[in-house]
Structure formats: structure tokens, C-alpha cells
Amino acid sequence: MKPKKPAKHREMSPKSDKSPKAQKKSPSTIKKGKEEKAKRVQKSTKTKKAAKKSAKNWLAQHDPFANREAQKYESPIPSREHILDYLQQQDKPIVFKPLAAALNLNTPEQLDALSRRLRAMERDGQLLQNRKGQYCIIDKLDLIRGRVIGHRDGYGFFSPEEGGDDLFLNARQMQQVLHNDEVLVRASRMNQRGRQEATIVEVLSHNTQSVVGRYYEEGGVGFVEPSHQQITQDVMIAQSSVLKPAPGQIVVAKIIKQPTFRHQPLGEITEILKRDLAVDLTIDVAIRSYHLPFEWEAAALEEAQHLGEEVAERDKTSREDLRHLPLVTIDGIDAKDFDDAVYCEPLPKGGWRLIVAIADVSFYVKPDSALDKEAQLRGNSVYFPRRVLPMLPESLSNGLCSLKSNVDRLCLVCDMTITAQGKLTQSRFYHGIMQSQARFTYEEVTALLNNERSAHTKRYAALLPHLNHLHSLYLALLSSRNKRGAIDFHFVESYFEFDEKGQIAAIKPRERTVAHRIIEECMLAANVSTARFLIEHEIPALFRIHPAPGEDKLTQLRDFLKPLGLDLKGGSKPEPLHYAKLLETVMTRTDAALIQMVILRSLSQAVYGAENQGHFALSYEAYGHFTSPIRRYPDLIVHRAISHLVSQSKSKKQTFSYTPAMMSRLGEHCSMTERRADEATRSVGDWLKCEFMRDKVGNVYSGMVTSVTGFGLFVQLDEIFIDGLVHITALPEDYYQFDPVQHCLIGRRFQKRYCLGDKLKVSVSRVNVDAKQIDLDIVE
């Protein structure tokens, strides 16, 4: 009989008490394991500490910014400056590992930190990683960083971050980007029209994450045609999109894949916009097209609600009491946020005391609070026809921080002394408590100053002397303004009048009354006092900056003026006074509006900045914004700086929480939000004008040429203040050539000229509301 084969090993069940896992370890084994683990942890900790110490010692010896990095990070690595300095010294680009070794970084934590820092430097346009994975310095590659500006015809421009002339981006280059994307480019060839072109080397950031437009379908494929005229690429809609709009509906599409040379942007529908009134739908489209924040964070609303509706008694202490003074607000008839009040009294020895009291928003909106973060994100309030996007919740902007009549309100006060000649001699800032004695409109104040009898004459009889004091002060300030040479334009502004159904009834001119001018001069005086105060105390702040025009702009302006028999004095550096005298000269001419427009276009755009550079147009050496902290974030920042200074104890100095670098970043951000708001409101205005003209095709109007381009003439229609385009192909039988110097289109055969300022009779030939275009034909 054969012996039995040994049984094959069968894997024991974990539940079996004979399983190795089920066997209990002896106490001595467990203790030994814990001791070994503790030793490993201790050894690892020692290694990490040694690595940190070694890194810090190395940084201290090699990196000039080591102390700064050590204060910011527990485990510091070389600063951006040191990394750039090292790469600058190399003759060629370098990959990650040799770079890390050269910077004495070897632990996983250090390598991870370096990787994150390099990615951030790429994002900020300091470095570029090529296709070989090598890091290169942008300056060595002759690359320029800047922003893409789209054009409705499919091409675009590159605006350099450091300033200078824009470069042309052809339609092919624009296939890989959208309007407002940040890119690195290399200047390339000159095109046939003599424009310097640019080639996009790297897209640093795609800044359009969603678009608004009309949804269409072709061949079973859905796409959105953006309403933003500077975004010309249709956004293809993914099949996975949950919302299914009907063709022709207005939608919001989130971009899930950005454009490339080979593919259009891909998106998915996130919202279908529906409104009963066209004007409301248009505003919704503009809000989303220009990415205006319109929804409040719950935390911000909760903070605002917690502040209450009335000033708490405890908050009225330690303030100067101005409730006995007849301070008044003077605003537009539709205004709801009253952030400034004024009072004026003559001084015994001549001159005036002027008080400008501004709602003390900074008392309620603290730095880094939810309200502050929301206000900073918005940057400013945005005013559309029939609708406002406030910078702060309405419980503050229209409530607790609004200087309503006959209620206590906290304020920050600029108390000034002004001579009989209108010269600001001294000012004092302090925290106050006040009560507005009246809520005036501009029209009411103008009527009272003109001694016009009305229902308000008797009611406001006691305040009339104070209004007369304000008017007398205004005349002195106006005289000083004229001597100073501030540039003053006289343009007609228009506004929309709506009927009971919310439809546009008319477009009317907005009258600029003497009351407007009074408030304007009072606010200018307070803003100048603010800038002087901030400079005197050398505190980080934001200034309102308006640079002098550049050389190219001056040349273009003088080339335009010369054939008209006009000249701008002042040589290569004209002063504001030279512009003011030129404007004074042309005011009686029939083409005064045209010349004013060209002069305005020759000036730079005002911005916010941390360094004072003066305000050219107003002819001020220093200027800040103090008067509207309810609706402008720069004013709120300025209020914080002033409050910090006036609250300082002589015995105990406190550090201001903002640095110059922080102010610089805030200046750039607030300048952007201001431009964004202007573009959004202009877009809505253009749409409403097209809507108003929709049923007026065939009507004949007289008008004036307000702009001349290579593709036609823009004509502003008299009395309704609407611009339309006479396309170059609609001009009478000839081929026309554009003269950019003389702002003319000149016929090659018959030499017929159409120039800026020409009076024409035109008819409305077509209105495209979606494209915001009104086409005109010349009536011979």
C-alpha cells in the first residue's frame, strides 16, 4: 500500500484561531515594535530638522531675501528674486533637477515647494517652461507680457503690460485666445498696412470662464454666439450639457475647454435667461458678459444685517457733534445712497469754512470682513438704467451709511478753510456725528438760488442763506479753477426716459445745473485736502492719477488742429492751462463739440495708483478720492488711512495694516473694475438705443460726423444723441481712402471729402439689436 501524499497546504480562514493574524503578539514584541517606530520617527524628525537648518543656513548665505522668506514660511525656500538671479547667470535654460540641486533643495517637501513656486512664477509671467521642460527667463527670450484685446471683426491687439504701442494679432493668432486673456508674445513682422504684428508664444491665463449669448443649432450641433462684441468665436456646446435651451434663447455657457488652433471653445449651458422686459434682459446679459459680481455671499448679508438699521448709542461717543449745523445733501432725483453732505459759512475776516461730511463706511466695513471682501471684489457700484448693482448691501448703502434727513449718522469730516480768492489754505479731518437737515435735488437747489417760487420756497426758507453761502464759495472756487487752468469740457449727456410699461419713451439731454457745479467744486476741495493729508503723513494710500498725454497723442492732436487754424501751445510739454485756453478759444465755433471730442481723446485715462503723480486734467499736484466710500472701494481704503491717522494716540502708535505693495495691487484692481463697469453700462446703453430705433427704419435725421475710420463714418443724430454707421460701401459712387491725420475719407476719383465734424442728412437703413448696430445712408 502506497503511503499517502502529504496534504496540500490550504490557506487558513482569517476567522480561524489558527490564523497567523489571529495569533496575539506578546507584550514584549509589541513594545519592541513601538520602540523601533519611535526611533524611526525620531530619526526622520532629526533629518527634517537638519534639512531645514541646512536650507536656512544656505539661504542666509546666498539669498538676499532670506529673512523675508523665513518670516513668511516655516520651511523657506529660495525667493523668486534669487531663482531669477541664478537663471540669469546661466548661459542656457535649465531643467528642474539641476535647478533644485543648485538651490540646495533635496527633501520631498522642499522639491514640492520649489515646484509650486516655479508654477506661480510661470503664471505671473516671470518664467517660461519650454517643451523640453527647461525653465527660461522671459527677458532673455525677448518675450513681452500683456493682455489680448479682441475686435468684432475677428482680429485683435496685444496690449503690453509695461505700456507702449499695441501690437496687431491676426485672425489666426486670435483662434487660440479670447478677449482679455494674458499672454506672452514675440514681436514679429510688419504687415501690409504697416502694423507691427505679434505672435503668441504662451497663454499665461484664460480669463474668460463663461460667455453670454444667443443659442443656435446647426446639423444637430448646438453653439452659442457671444453677445460680447470682442469675443468673436462661437462656443460649441457639449452633448453632456444638462440644460437644453430652444434655438434663439439667451443663455449663459460655462467654458470647459479653452480655444486652440484646432478647436473652438467648448462649453455647457448653465443658465437660460428669461425676462418680461427687454431692458431687464439686456442688463442681465451685460452683467454676465462683463463678469460683474451680482450675488451676495451669505456671510456678507449676515454681517450687514447684524449692524442694524440705526446708529447705536455707544458708537456716538468720542466724536465731534455736528448735529447743530445745517448740513444738507444735494443729489439727483433718483438717488438713494446719500454719501456726502455739505455746509458753508463765511468767516469774519473773509473767506469761508467749508465742511464736507462723508458717511463713515469704514467704521462698519472692517478690513478682511465678509463685507470688505465683497466690496473689494466689486470695486464700485454699477449704475444701469432702472437698476443698480451696489458695492455694499442696500441695508448699508441705502440705509445705515446713507445720510438721510433728520436721523443720526456717523461721518468722517473734512473741515476746510478757503480764502476769498478760492484758495484752500488748511483742512482738518475728524470723526463726527451729524443729521442732514434736508435732502435736496439739484433742480430744487438751482430753483431756490434763482429765486424761483415753488412749493419748496417756504419750506426751505431757513436753509436758503446757507445755500447762498455755498453759491458764493462756488464762484470763488470757479475763479481759482480758471486761473489754475483746469480742463473743462462741455458735453451734452443724455438719459433714457421710460414709460409705465418699462419701454423707452424718449432719450433726453441731461442738464448740468449750477447745483451740480457747486457740489463738484466742494468735492474737489475735499479730495485735494485728502491727498495733501495722506502725503504729509507718508501713509500708504490710493491716489487718483491722470498722467500728461504722450508724445504721439500730442502730435496727432496738433496735426488735426493745424488745418483748422488752431494750435496747442506749450511745446513738447503743454500744461493744462494751454488746453484750457484752447478750449476757451473754440467754444464759439460751430465745430466746438467736434474739437472738444478730439482733445478729450488725446488725453490719458485716469487710474488709481499707490504713488501720487498728480491729476493733469484738473491741474492738481496731488489728488485722491474721499467722497464716495459707499460706491467706490478706493474711497473706502482712503477713509481707512485717514481714520488710522486721526485715531492714533500720541503715546501709542499703531501700524497701518496696508503696505505700498498692497495699495499698488488694489489700484490696479479698482482701475479694472471701473473700466469694467463703464464697458458694461455702455453696452446696455448701445442696446437700448438700438431698441429705441428699431421702428424708425426709413426716418431721416440731421447729424454730425463724430468719428471717421477706415470702414466708414459714425454720425450722431441730432436731438436723440444716437450714433449710427455710414459704411464705406454706402458712400456715393467712388473709392474712398482713409486719412487718419485729417480724420477724413477722401474719394479717389472726385475728391469728395467726409470729415470729422461734417453736418450730414442721413436715413436709417437697418437696425441690428443683437449686434448693437445702426446702419445709415447719406441722403443727398
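# Strands, helices and cores

K257 stands opposite L266 of strand β12, and that pair is a handy place to start looking around. Bear in mind that this is a predicted model. From here, the briefing takes in some strand pairs, a sheet, a helix crossing, the nonpolar cores and a few individual residues.

**Strands around β11**

- Strand β11 (residues 250-257) and strand β12 (residues 266-273) run antiparallel, with 7 bridges joining them.
- β11 also pairs with strand β8 (residues 210-218), again in the antiparallel sense, this time over 5 bridges.

**A hairpin from β6 and β7**

- Strand β6 (residues 182-190) and strand β7 (residues 196-205) run antiparallel and are joined by 7 bridges.
- The two make a hairpin, with 5 residues between β6 and β7.
- G194 sits in the turn and has a positive phi of about 80°.
- M190 has Q196 of β7 standing opposite.

**A sheet of three strands**

- β29, β30 and β31 come in that order in an open sheet of 3 strands, paired antiparallel.
- The antiparallel pairing of β29 with strand β30 (residues 744-747) runs over 4 bridges.
- If you look for the bridge partner of Q737 in β30, you'll find I746.

- Helix α3 (residues 80-89) and helix α5 (residues 108-123) have axes that come within 11 Å and cross at roughly 80°.
- Angles from 65 to 115 degrees count as roughly perpendicular, and α3 and α5 therefore fall in that class.
- On the α3 side of the contact are R80, I83 and L84, which meet L114, R117, L118, A120 and M121 in α5.
- Sorted by type, the residues of this contact between α3 and α5 come out as 6 nonpolar, no polar and 2 charged.

**The nonpolar cores**

- As background, nonpolar side chains tend to be buried together in soluble globular proteins.
- The largest nonpolar core here has 95 residues, and I330, L354, V356, F440 and Y633 have the most contacts inside it.
- Helix α15 (residues 514-536) is the biggest giver to this core, with 12 residues.
- Leaving aside residues up to four places away in sequence, F440 touches V328, T329, I330, D331, V445, L448, Y460, L463 and L467.
- There's also a second, separate core of 64 residues, with F384, F489, W687 and M693 among them.

**Residues worth a click**

- Most residues other than glycine have a negative phi.
- N180 isn't a glycine, yet has a positive phi of about 80°.
- You'll find N180 in the loop between α6 (171-174) and β6, and at 28% relative accessibility N180 counts as partly exposed.
- K772 isn't a glycine either, and has a positive phi of about 55°.
- K772 belongs to the loop between β32 (759-768) and β33 (773-778).
- The cut-off for buried is under 20% relative accessible area, so K772, at 19%, is buried.
- E493 is part of strand β22 (residues 493-498) and touches K508, P509 and R510, not counting residues up to four places away in sequence.
- E493 and V705 are 212 residues apart along the chain, while 17 Å separates their C-alpha atoms.

Definitions and conventions:
Residues numbered from 1 in each chain as written. Predicted model: local features only at pLDDT ≥ 70, side-chain atom pairs only at ≥ 80, totals over all residues. Heavy atoms only, no water. Pairing = 2+ DSSP bridges. Axes fitted to C-alpha atoms, helices over the stretch in contact; angles between N-to-C directions. Parallel < 35°, antiparallel > 145°, perpendicular 65-115°, else oblique. Contact = heavy atoms within 4.5 Å. Nonpolar A, V, L, I, M, F, W, Y, C, P; charged D, E, K, R; others polar. Core = buried A, V, L, I, M, F, W, Y, C linked by side-chain atoms within 4.5 Å. Buried < 20%, exposed > 50% of the residue type's maximum accessible area, 1.4 Å probe, protein only.
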